[in-house]
Amino acid sequence: MKFQIEDVTVYFPYDNIYPEQYGYMVELKRALDARGHCLLEMPTGTGKTIALLSLITSYALSKPSNPIKLIYCTRTVHEMEKTLAELKLLHNYQLQHLGSNARMLAIGLSSRKNLCINPSVVSAENRDSVDAACRKLTASWVRELAAENPNIPTCEFFENYEKVSSDTILPSGVYTLQDLRAFGKQKGWCPYFLARRMVQCANVVVYSYQYLLDPKVAGIISKEMQKESVVVFDEAHNIDNVCIEALSVSVRHQTLEGATRNISRMSQEIERLKATDAGRLRAEYSRLVDGLAQRGDLPISDAWLANPALPNDILKEAVPGNIRRAEHFLSVLRRLVQYIKGRLDTENVEKEGPVAFVASVSAQAGIDQKMLKFFYDRLHSLMMTLEITDTDEFLHIQTICDFATLIGTYSRGFSIIIEPFDERMPHIPDPVLQLCCHDASLAIKPVFERFQSVVITSGTLSPIDLYPRLLNFNPVVSRSFTMSLTRDCICPMVLTRGSDQLPVSTKYDLRSDPGVEKNYGKLLLEMVSVVPDGIVCFFVSYSYMDGIVNSWHETGLLKEIMQHKLVFIETQDVVETTLALDNYRKACDCGRGAVFFSVARGKVAEGIDFDRHYGRLVIMFGVPFQYTLSRILLARLEYLRDTFQIKEGDFLTFDALRQAAQCVGRVIRSKADYGMMIFADKRYSRHDKRSKLPGWILSHLRDAHLNLSTDMAVHIAKEFLRRMAQPYDKTGALGKKTLLSEADLEKMANTILMDLF
């Protein structure tokens, strides 16, 4: 369908549109017109992705003189592929209406591991090994040697691409990762470097959050993106945690041992160079004296990771004199590693700010703040001079240099925490030094400053007013949408007690109570006997899930549950979990039904959909608070209170309830779907907790469902399932319309005009 929103003709590839999609587009257009940032919460399963893509691409088509670029950030490769598939559908629709005027180039960009087509490289076991294997074949110095000696292996796909790279152009269209690999194989070109080059001229780029938020990656991939870009962070409910992780570093004994090996290897390489090619070391020294840490513009295949500090905080001056010589720099590195080793040999927990830590490094190891700031640049320069290709072997020393650069650069918003062991396993010594970033606004600030509009959107952004404070920005539009439905197909319930009237909760003093465990088991047993198809259960942590499943096994409850449905469990192993999910789906498909045990904040809670018969009921056992004795969390809470005046309790409740909403939201993925949500914990009945759930869940939570026991919940479930089995009016023609046609939208527009005049 085709319709107008003010001066923009929107091309939408379906015959009907949901009212909330239309409202979402109107608000999004307001933000684009104002050239500002916005926060939009839209219920899951209401077509948020296609609404975003339709409005922004149509907006770009309506302003050909000032074209805007869309940078669409997703959390996983699976989401990236889904987004590109939607965009392909939309692009074909626009071509039908506009012909060649609608042409655009849209590409997905991922790591070499997902794009490489060279069999010898892509067979490596992990991402770092694939990157290193690629460097061994494509680094400029390797290719120079190969030109003289044909026995030195290079990558034929990269060589073919380099021959034509200045003229290479991707034909317009939408390219998924699979399409890029197929195009690369057909032409004999490297799809990874082709995509890297095309990112600059593409109209739409879809890639991971890290490519914009992690300075180490953003400095290479995204530094030349134009200001006239709209950045979308989809499924952005955890964006503050992504920002914090991008600027945090952990150092363990294994890191220090690896760093020591790396230093020895570099030392041997320097001695070898002194004997064979001393001129190269002298050239590097002269370059550093002139203030050039890097050799101008590096070839695309030589660029490794960029500086871990944010672009505006990187010093634009010469490397200090005492670390210009390669051997001097290595001796300084050794001193730093030795100092950190000494700090790790402690029996007490230590916490200090960057300023105190840098003063201590200066006093005991003789390394001042300015030298620390340049550790990353100096290491990068040395790795280039020594022509090191197996970068996966040098991750340890890179971690140390990242750590040094960050503590040298930032004095606020960080803490250094040294813990001799994990509190949950105090008998196992496992010392760790962590540089923890507490301020999410640091990593995202360059994105807000650089691009004209940033859209933060998800199905669970409640309470929406906390995000501007956490990320320190002023949105021009901040809006939460509800779901328009022709029938009540969502049935949330709060279960506060078992059939024996004992309260249920995962509060610390109640969680291991045998009565609570028994009541949780009885609840599940009752539900598996009345609910058809799939049931998904979320627990607050892996350890709690292990404990309660063991308890159910010992009391025979698990055996009773398995007489009704098969049980599958998420583990911390990705392969095991994937297998369990496949078998769970098979059990649901064949009509046997199944139960899936999962963990809040786990992989399944974040990205797997249990739509249709795969999820008719989701039970959230407890409130998924973070581990509140974690020193890192306590330091962050203190920082949030002092800097942004966010109370500890408010942040912890907000964080726990966004995770709970994310878990239960897995069950509804479209308006034709239906499902029940049980919040099994007495704390959900309190208004201060419950009110932080998204509006689209709260609008279906009736007062009569707020304080239930197991038998009442079973009765409500039976009634709900009976109601859902009845035929219903899908378009809402009888009452409130949930599907709008072009004619409906025209009518709405005319009514608005009539009201205005």
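**Exercise 1. Which residues form one aromatic cluster with Tyr520?**

Solution. Tyr520 forms one aromatic cluster with Phe539, Tyr544, Trp552, Phe597 and Phe621. This is a predicted model: local features need pLDDT of at least 70, side-chain atom pairs count only at pLDDT 80 or more, and totals for chains, interfaces and linings use all residues. Residues are numbered from 1 along each chain as its sequence is written, and side-chain values use heavy atoms, with hydrogens and water left out.

**Exercise 2. Count the aromatic pairs, then classify Phe183 and Trp189.**

Solution. Start with the rule. Rings of Phe, Tyr and Trp (its six-membered ring) pair if their centres lie within 6.5 Å; planes under 30 degrees apart count as stacked, over 60 as edge-to-face and the rest as tilted. The count under this rule is 31 aromatic pairs. Next, the Phe183 and Trp189 ring centres are 6.0 Å apart and their planes stand at 70 degrees, so this pair is edge-to-face. Phe183 and Trp189 are both buried (under 20% relative accessible area; exposed is over 50%, partly exposed in between; 1.4 Å probe, protein chains only).

**Exercise 3. Describe the pair Tyr467 and Phe654.**

Solution. Geometry: 5.4 Å centre to centre, 80 degrees between the planes, edge-to-face. Location: Tyr467 is in helix H22 (residues 466–471) and Phe654 in helix H29 (residues 648–664). Helices are DSSP runs of H or I, at least four residues, numbered from the N terminus. The pair links distant parts of the chain, 187 residues apart. Burial: Tyr467 has a relative accessible area of 0%, so Tyr467 is buried. Phe654 is buried too, at 0%.

**Exercise 4. Which residue lies over the face of Tyr674?**

Solution. Arg616 does, at 3.8 Å from the ring centre. The test: NZ of Lys or CZ of Arg is within 6 Å of the ring centre and within 35 degrees of the ring normal.

Methods: Helix = DSSP H or I, 4+ residues; strand = E, 2+ residues; numbered from the N terminus.
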